[in-house]
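Dear colleague,

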Amino acid sequence: MVWSPEQGLFAYTCGSVVVVEYLHTGRQRHLQGHHEEISCLAITHNTETMASASGGSHGARSLICIWNVQNGTCRTTLFHHSGEVQCLTFSSDDRFLLSAGGFSDPVVALWDSDTFQLLSSISVSGLIHDAAFSPSAANQLACVGSHGVYFCFVHACGSDVELRFQGVKAPAEVGDVELTVLSYHADSLLFTATNRGHVCIWDVGTQHCFMTWEAEEGEIGVLLCRGNRLLSGSNSRWLRLWEVEAVKPQDSFSNVNQRRTKVVLEHEIMLDGATVSAAFDKTLDMGIIGTTAGTIWYINWSDYGSIRLVSGHKNKVNAVAFSPDEKYFATCSEDGSVRVWLVSSIELMVQFQVLSQACGSVCWSPSSSKDGACLAAGYSDGTLRIFRLSSSEMELKLHPHDGVAVTAIQYSANGHVILSAGQNGLVAVSSTVNGATVRVIRDHKGAPISTIQCVNQHCKTFGLEGNELWLAASADRRVSVWAADWLKDKCDLLDWLTFPAPSFLGDDAPPPSLAAFAPTDPSLVVYTGYGVEKELTFYSLVKKQIIKKISLPHWISCLSLSCKSQLIAVGSQERVVKMINWGSGRCQDFTQHSDSLQTCHFSPSGTLLFTVAFNEILLWDVRDL
């Protein structure tokens with residue numbers, strides 16, 4: 001991420017998207033040009049141009065996009081590195097851009113920042129982790145990596161530009177280490193850090209290390225120097241601010257080994273994950289930190305303050321659900337957390353954490369008031385937990401699945417019971433009052449259930465008693481549809497759908513079986529799954545037959561239907577979100593995700609859509625096709 005306090009600009013990456021926040025106006029812009037996860041980001045000192053890099057996996061060429069920050073357009077694209085780009089940095093006068101390749105292609109490339117023509121390229125031994133230009137001498141820079149530090153010089157002769165490197169190994173006193181990050185102190189000194197928590201101070205002129213100390217307990221991922229202050233952040237979760245005094249020699253004849261340097265720890269704070277990125281003001285008094293937990297923190301050392309600006313899941317996100325009034329949405333993850341967010345500001349409101357268990361599904365109670373709103377979540381140990389939003393506490397813990405992981409969960413349409421499904425295909429109906437299991441449905445036994453949905457619908461049309469319909473779809477390509485009146489303890493099978501398919505010969509699991517009621521007509525069931533053809537199937541519960549099919553280019557991994565219009569959102573392992581108008585047949589593809597799609601979910605009004613790929617969540621403003 002990058003931050004310019006003076007310009008009021010803050011930018012960070014989310015998968016394959018660059019998010020730019022204009023803090024003075026409150027606007028947000030999304031820069032979309034990458035199709036792989038972005039590995040690094042850099043911005044010119046005048047904040048007019050930004051560079052982002054992605055790709056390079058499996059030996060493919062990486063993509064560097066050059067952006068106009070003000071209007072969000074992509075000025076040009078660069079293809080040079082055959083592997084992942086490890087770092088990007090602009091020179092102090094914004095004349096040069098430096099890019100460094102990864103392990104498979106350890107090449108350092110120098111670009112002209114006006115024309116973005118390649119000026120020079122040089123291969124180095126070992127992996128480059130970080131690079132930086134001198135803060136005032138644009139022709140001097142340094143790189144650090146697995147083989148130590150490289151002191152570099154940009155030599156220009158007419159129109160010819162050449163990079164000259166001088167490699168120096170890490171000092172012997174820190175042992176067998178890799179140098180991970182670096183930061184200049186003016187032009188004369190360079191601070192570097194190691195994967196074992198050491199900080200080394202180098203004299204740039206003599207290229208000698210004259211001091212080391214153990215600053216962290218683990219690998220240091222962030223190092224920033226401003227004046228005589230140094231910031232370090234590591235995988236031990238500690239963020240530390242140091243005062244480094246008397247680092248300059250007393251005279252020009254001083255031996256580098258006789259320098260007297262004092263290092264004092266000023267402040268420290270423990271965060272929620274390893275520090276991976278940081279941007280601070282000129283005095284290191286305040287700044288922004290990114291961690292491996294997916295959180296972006298605002299840090300203010302002067303008042304010992306820390307504010308969570310953006311918080312995401314560290315592991316795979318399994319489900320996302322809107323509250324009925326669309327003020328909130330909830331996410332759940334393999335990390336065992338359920339998080340509730342404000343839709344308007346994407347601010348984290350509350351987090352419910354269960355240790356040592358994955359949370360596989362989450363849903364909201366039908367009540368739209370904050371005092372009455374509850375969340376139900378299903379976990380890998382077979383338990384259900386009900387959380388009340390107003391008190392931020394767990395209200396009830398249920399055990400309907402005897403230790404079998406919960407794969408789907410849904411409140412009944414009127415909220416009287418909770419329907420949950422286990423990995424073994426059993427559906428449990430539980431009381432929301434006392435948590436008792438009032439019914440177990442075994443029709444799908446042996447096949448994991450991927451979907452449960454409940455809707456309000458009088459069932460006399462179908463010749464059955466009941467005030468709601470619900471369905472379950474299982475991995476064996478079967479869908480059961482039921483009519484229910486839970487207050488009268490009635491639940492009758494209305495229809496049983498089986499979709500044929502050839503033997504699956506793939507290495508992975510077959511595509512999931514997914515089903516949903518059409519919001520505009522609950523007597524219509526939409527299904528997709530592994531079969532003879534890649535398609536959406538529309539089945540009429542009234543006519544007892546398939547009435548429509550829509551062909552698809554890929555097998556589908558997630559499905560959601562909009563209440564606003566005849567829109568269907570589907571996602572695939574090919575990282576494509578496809579919007580389909582099933583009335584007109586028009587469709588449109590969106591390719592902003594950097595991983596396989598696993599969840600998509602329309603808001604109750606159909607005006608918003610969430611899509612999820614691993615722990616990457618995108619919120620879309622939905623317009624008709």
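Which residue in E23 is the bridge partner of Leu230? The partner is Trp242, and before I place this pair among its neighbours, a few conventions are needed. This is a predicted model, in which local features need pLDDT of at least 70 and side-chain atom pairs count only at pLDDT 80 or more, whereas totals for chains, interfaces and linings use all residues. Residues are numbered from 1 along each chain as its sequence is written, and side-chain values use heavy atoms, with hydrogens and water left out.

Strands here are DSSP runs (E, at least two residues) numbered from the N terminus, and two of them pair if DSSP finds at least two bridges between them. On that basis, strand E22 (residues 229-234) pairs with strand E23 (residues 238-245) in the antiparallel sense over five bridges. The two form a hairpin with three residues between them, and in this turn Arg237 has a positive phi of about 80 degrees. E23 also pairs with strand E24 (residues 262-270), again antiparallel, over eight bridges, and there Trp242 stands opposite Leu265.

Further along, four strands form an open antiparallel sheet in the order E29-E30-E31-E32. Strand E29 (317-322) and strand E32 (348-353) stand at the edges with a single partner strand each, so one side of each is left without a neighbour in the sheet. The twist averages 15 degrees from one strand to the next, where axes are lines fitted to C-alpha atoms and angles run from 0 to 180 degrees between N-to-C directions. Strand E31 (residues 337-342) is joined to E32 by five bridges, with the two running antiparallel, and Val338 has Phe352 in E32 as its bridge partner.

Best regards
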